[in-house]
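Hi everyone, thanks for coming. I'd like to walk you through one structure today, strand by strand. Have a look at it first.

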Amino acid sequence: LSTGDYRTIGSGNWTSNQPSPAIWERYNGTSWITSNSPSYNTTNRVYVRSGHTINTNGSFGSSVRLFILDGGYFINQHNSTAAEVSIYNNGVLDIREFFRISSSGFLEVFDGGIIYFDDEGNSNLSTSLWNGTEIFHPQSELYINDIDPDEYLYDGDVSVNTYDGYT
């Protein structure tokens with residue numbers, strides 16, 4: 001942990017640097033204290049913890065470092081770029097709008113981590129998620145759907161980083 005890191009203590013909307021909803025704590029170097037939400041341009045780590053669902057309430061900047069821990073759920077609903085995203089066992093990144101990893105950033109999906117990617121809300125998969133370095137562990141999962149949210153274009157385990165012309 002580093003001074004200034006954020007973590008969730010409940011579910012709700014992430015609204016930049018706001019006291020409400022009261023779902024955030026910030027690490028002060030020795031302990032976690034109640035805090036406003038992180039700014040959309042924070043360079044600190046943002047941890048979404050088990051049992052918590054966080055919805056974006058606006059676009060966040062390319063410096064955000066997002067960690068979706070075991071059982072955490074993060075829904076991206078606005079055009080956003082992240083420097084770093086790590087998704088752990090049973091953690092979920094649900095991409096419903098343009099989302100990209102910065103060219104110098106990375107995305108890592110650990111065993112049991114899940115990404116849902118709604119291609120209808122994203123103009124181009126190849127220039128959206130796949131921009132930095134992507135690491136999919138053998139038991140990670142990627143689901144890509146188009147128009148019908150119940151019908152997946154790609155459904156299941158990631159064994160290679162190439163699908164239908166996208167790498």
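The strands themselves (E, at least two residues) and the helices (H or I, at least four residues) are DSSP runs, numbered from the N terminus.

Now, some housekeeping. This is a predicted model, where local features need pLDDT of at least 70, side-chain atom pairs count only at pLDDT 80 or more, and totals for chains, interfaces and linings use all residues. Residues are numbered from 1 along each chain as its sequence is written, and side-chain values use heavy atoms, with hydrogens and water left out.

Okay, the overall picture. The protein has one helix and 15 strands. Of its 167 residues, 47% are buried, meaning under 20% relative accessible area with a 1.4 Å probe, counting protein chains only (exposed is over 50%, partly exposed is in between).

So how are the strands arranged in the open sheet? Eight of them line up as β4-β3-β1-β5-β7-β9-β11-β13, with mixed pairing. At the edges stand β4 (32-34) and β13 (133-136); each has a single partner strand, so one side of each is left without a neighbour in the sheet. On average, neighbouring strands here are turned by 25 degrees against each other, direction ignored. For that angle, axes are lines fitted to C-alpha atoms (for helices, over the stretch in contact), and angles run from 0 to 180 degrees between N-to-C directions.

Let's start at the β4 end. Strand β3 (residues 24-27) pairs with β4 in the antiparallel sense, over three bridges. Arg26 has Ile33 in β4 as its bridge partner.

Further along, we get parallel neighbours. Strand β5 (residues 45-48) is joined to β7 (residues 65-68) by four bridges, and the two run parallel. Val46, for example, is bridged to Leu66 in β7. Then β7 runs parallel to β9 (residues 80-87), again with four bridges, and Arg65 stands opposite Glu84 in β9.

Next in the row, seven bridges connect β9 with β11 (residues 99-109), also parallel. There, Ser86 sits opposite Glu108 of β11.

Why is β9 largely enclosed by the rest of the structure? Because seven of its eight residues are buried.

Methods:
Pairing = 2+ DSSP bridges.
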